[in-house]
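Dear colleague,

I am handing over the structure we spoke of, with the sequence alongside. Below it you will find notes on what turned up when I went through it.

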There are 2 protein chains.
Amino acid sequence: MSDSDIIATPPHEPEAVHAEDRIHDEEDRLLPAFVREVLDAVADGDDEAARELVAELHPADIADLIELAPGDERGDLIEALAGIVDADVYAELNEYVREDVIDEMEPQQVADLAAQLDTDDAVALIEDLEQDEQLAVLRAMEPDDRAAVEEALTYGEETAGRLMQRDLIAVPEHWKVGQVIDYLRSSDELATDFWEVFVVSPNHHPVGTCKLSTILRSPRSTLVSEIMARKQTLIPVDLDQEEVALKFQKYALISAAVVDSSGRLVGMITVDDIVHIIQEEAGEDVLLLSGAGEGDINEPLVDTYKARVRWLAANLLTALVASMVISQFENAIERMAVLAALMPIVAGVGGNAGTQTLAVTVRAIATNQLTGSNHWRAVWREIRVAMMNGLTIAVLIGIGVTLVLGSGTLGTVIALAMLTNIVVAGLAGVLVPLGLEKAGADPAVASSVFVTMVTDSMGFLVFLGLATAAGL
Amino acid sequence: MSDSDIIATPPHEPEAVHAEDRIHDEEDRLLPAFVREVLDAVADGDDEAARELVAELHPADIADLIELAPGDERGDLIEALAGIVDADVYAELNEYVREDVIDEMEPQQVADLAAQLDTDDAVALIEDLEQDEQLAVLRAMEPDDRAAVEEALTYGEETAGRLMQRDLIAVPEHWKVGQVIDYLRSSDELATDFWEVFVVSPNHHPVGTCKLSTILRSPRSTLVSEIMARKQTLIPVDLDQEEVALKFQKYALISAAVVDSSGRLVGMITVDDIVHIIQEEAGEDVLLLSGAGEGDINEPLVDTYKARVRWLAANLLTALVASMVISQFENAIERMAVLAALMPIVAGVGGNAGTQTLAVTVRAIATNQLTGSNHWRAVWREIRVAMMNGLTIAVLIGIGVTLVLGSGTLGTVIALAMLTNIVVAGLAGVLVPLGLEKAGADPAVASSVFVTMVTDSMGFLVFLGLATAAGL
């Protein structure tokens with residue numbers, strides 16, 4: 001390529017592209033001004049202007065637009081954009097917003113939308129409807145589509161069966177590349193979005209896969225059996241979606257065959273349906289550890305309240321335990337109220353050290369880095385980190401208290417209490433989630449209540465206990 | 001398909017498959033017994049047995065095996081598995097473990113490994129080496145590979161330029177499908193792993209893409225320009241990897257073209273290189289919020305210590321602020337030590353409420369659900385949730401304290417303090433991360449220190465202040 005080529009096209013910085021884009025900011029979020037412009041057009045009854053603004057947007061962006069619109073403006077927006085808000089937009093929509101919108105529709109409308117989607121997206125569209133609404137929608141669907149969706153609904157929620165598409169390309173291993181290509185060109189009815197061809201035995205068991213790039217690069221006379229990869233990751237149809245996501249990630253899959261309990265190929269999962277699950281599952285630990293439930297900002301307020309208040313009530317109970325520990329030392333506190341001022345430091349920093357260990361352990365378990373092979377090593381690692389942290393913080397607070405309050409005894413007491421509590425916090429932070437995991441529970445769900453109780457109670461107990469023992 | 005087909009293959013449950021697999025557990029993790037068996041064989045000097053055990057494993061599993069081995073057994077393990085531990089295994093290895101292992105190798109060995117990898121994996125292999133080691137490895141590489149890696153290294157860390165592969169298929173739009181297929185079959189030198197063909201203008205600007213499935217399903221005489229998708233997501237070469245990941249997720253991309261500042265096609269990123277980034281970025285919020293730094297269990301101990309102790313020291317400072325608040329009320333506490341026992345309840349539950357709001361807000365910002373268009377709505381939502389939570393918990397603790405301690409005044413004081421602190425916590429939990437985001441900082445990094453300081457100090461201040469005002 002010559003220099004003149006470059007000159008022919010005036011160079012422009014990506015920044016410039018973004019600056020010209022009055023729709024997105026640099027992180028692909030819709031600009032508030034753009035959202036306002038569309039909503040104002042709708043409010044003014046100027047549907048045509050709104051439609052023009054939105055016409056060129058990707059379905060994912062139109063879904064964002066609907067989510068960003070205030071709840072009471074969504075109905076009018078969708079009405080104004082009739083035809084533009086298509087099935088793909090609904091497939092991209094946040095599930096709570098989608099439920100709201102779908103609830104307002106006639107069963108026939110929902111059925112028409114579902115008919116335009118892959119089975120997995122159609123299932124997502126109607127799986128959360130009330131039983132009777134779901135039935136009404138299914139009745140309004142074409143028999144073929146209905147059968148596919150009904151079959152998918154027989155699989156448990158959040159399993160491979162719900163995620164998979166039934167449209168896939170499966171060929172016998174005695175075919176040649178030329179036959180495969182001719183077959184693909186032969187019919188418009190075949191799947192359009194696929195990245196691998198599955199090779200099956202006569203009784204429809206997967207025996208290998210062929211990447212499309214391999215097929216394209218091989219002469220027509222090549223046997224499929226010569227170029228297929230015989231090793232492949234099979235997904236049992238009842239596998240939980242979190243484990244499906246881990247398989248895709250671990251083995252860098254683009255698509256994978258789903259098999260039923262007798263090992264027959266029943267569907268295919270593609271990576272684009274998995275990326276949002278990977279993100280959700282990885283992101284949910286912070287929500288679970290804090291007791292924020294689903295943590296979706298579109299969740300109905302009452303559900304959010306219920307999820308969070310349950311957790312706060314549990315926390316209230318553990319706080320009461322810590323409170324009872326303190327009440328055992330009321331005499332000491334009455335004699336020396338500075339103890340009351342200092343004790344939250346020991347509990348608080350300990351709680352933080354526990355949370356750190358907890359976060360690391362929960363993530364390591366979730367990403368399969370921490371297994372039965374290395375858990376004692378992880379515990380030993382946390383003990384050493386806790387010792388180092390504990391000594392550092394203990395020295396800092398010990399010297400500080402000694403200097404400011406002029407009491408070496410008090411300084412020593414708080415330093416010892418701090419060291420103890422940070423080490424206890426480290427132990428609890430790693431052992432509690434490992435124990436819950438071993439017991440078959442999700443370590444992210446209940447760990448932090450236990451760990452906080454330990455760090456609070458121990459913090460108060462050790463500090464006030466040592467202070468009493470030291471005759472303070 | 002007839003029933004006899006099914007009978008011909010005895011049905012077997014996926015569970016049965018797992019039970020027979022003595023290598024993996026049901027979540028694809030290597031079984032501890034298997035890891036031990038391999039390591040024992042290596043320790044006994046029986047390399048042949050170890051190699052046989054490992055021979056059939058996927059590179060990702062061999063990488064797991066090396067990570068799960070204790071640090072002092074890794075060297076012998078890798079030596080025993082020479083030839084089996086290939087470049088793909090190194091590409092899959094945890095970065096800290098890889099650094100350890102690479103550090104022990106000669107530059108020529110590293111160069112040989114890098115030569116077998118795609119540019120992005122080769123870059124990952126050597127980007128963390130010390131300057132002089134990196135130079136030694138580069139010098140040992142073939143000129144072509146070296147140039148590609150050196151070019152990649154000119155882009156910033158964690159940018160698209162580091163992630164992209166240079167091997168891609170680009171064709172002019174006037175070609176026919178038959179020409180594309182012939183071109184792909186013409187040379188063994190072309191890329192093997194690709195899912196789309198990029199269509200470029202004469203000056204190498206992307207003008208469209210063609211999915212391989214579309215090419216395969218179209219007659220040879222079809223013009224590429226007729227079947228290509230003209231809308232495509234272009235990735236600027238200097239885009240941060242987190243934003244690359246968000247683009248892949250939002251637009252469900254399988255691969256995407258990377259363009260330089262003049263808009264020319266310079267590389268391609270595929271989704272399999274992105275899934276681990278999506279997972280890392282989504283999972284890091286819990287680590288950042290807890291101040292656990294990288295939070296990798298393979299990180300050198302000293303780095304872990306440094307990251308965490310810095311955070312604990314910051315926490316110590318905020319705890320001191322809370323402590324000073326308490327010390328203003330020492331007289332009240334000396335008169336009535338039960339105040340000291342009750343005050344951590346107000347601070348603790350408030351802290352929890354703040355953490356919940358914080359987690360939800362940080363995730364909503366990270367997933368681009370919370371933008372300038374809906375942030376006030378989110379704040380208002382959190383205020384309402386906080387009011388509901390605050391009233392519930394305030395009633396519970398108010399009645400409890402009144403009954404147990406027999407003081408309606410104390411019950412009222414703690415109920416009011418609890419309500420106030422939970423509402424303040426909710427406000428801080430949503431306003432602090434939104435403010436940091438607005439200021440261009442990562443809301444996950446510093447939010448929790450601020451929020452904890454607010455909930456602790458406010459909890460003590462309101463409770464002890466009200467108690468004093470009530471004459472307790």
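For the count of polar contacts that follows, a polar contact is a pair of N or O atoms within 3.5 Å, and within protein one of the two must be able to donate a hydrogen and the other to accept it. Please bear in mind throughout that this is a predicted model.

On that definition, 49 residue pairs are in polar contact between chain B and chain A, counting pairs in which both residues are at pLDDT 80 or more. Helix H21 of chain B, residues 338-366, supplies 18 residues to the side of chain B that touches chain A, which is the largest share. By residue type, that side of chain B is made up of 70 nonpolar, 40 polar and 38 charged residues.

Salt bridges across the interface of chain B and chain A come to 14, and in a salt bridge between these chains the side chain of A:Lys250 meets that of B:Asp64, with 3.0 Å from N to O.

As for the extent of the interface, 147 residues of chain A and 148 residues of chain B take part in the contact. The two chains bury about 13,200 Å² between them, and 61% of this lies on carbon and sulfur atoms. Within chain B, the residues that lose the most area to chain A are B:Leu216, B:Arg217 and B:Ile297, which together account for 7% of what that side buries.

Turning to chain A by itself, its division is into domain 1 (15-159), domain 2 (170-272) and domain 3 (283-469). The centres of domain 1 and domain 2 of chain A, taken over C-alpha atoms, are 31 Å apart.

With best wishes

Definitions and conventions. Residues are numbered from 1 along each chain as its sequence is written. Chains are lettered from A and ligands numbered from 1 in the order in which they are written. Side-chain values use heavy atoms; hydrogens and water are left out. Contact means heavy atoms within 4.5 Å. Buried area is the accessible area (1.4 Å probe) that two parts lose on being put together, summed over both. A salt bridge is a side-chain nitrogen of Lys or Arg within 4 Å of a carboxyl oxygen of Asp or Glu. A polar contact is a pair of N or O atoms within 3.5 Å; within protein, one must be able to donate a hydrogen and the other to accept it, and residues adjacent in sequence count only if both atoms are side-chain atoms. Helices (H or I, at least four residues) and strands (E, at least two) are DSSP runs, numbered from the N terminus. Ala, Val, Leu, Ile, Met, Phe, Trp, Tyr, Cys and Pro count as nonpolar, Asp, Glu, Lys and Arg as charged, and the others, Gly among them, as polar. Domain bounds come from an automatic or database domain assignment.
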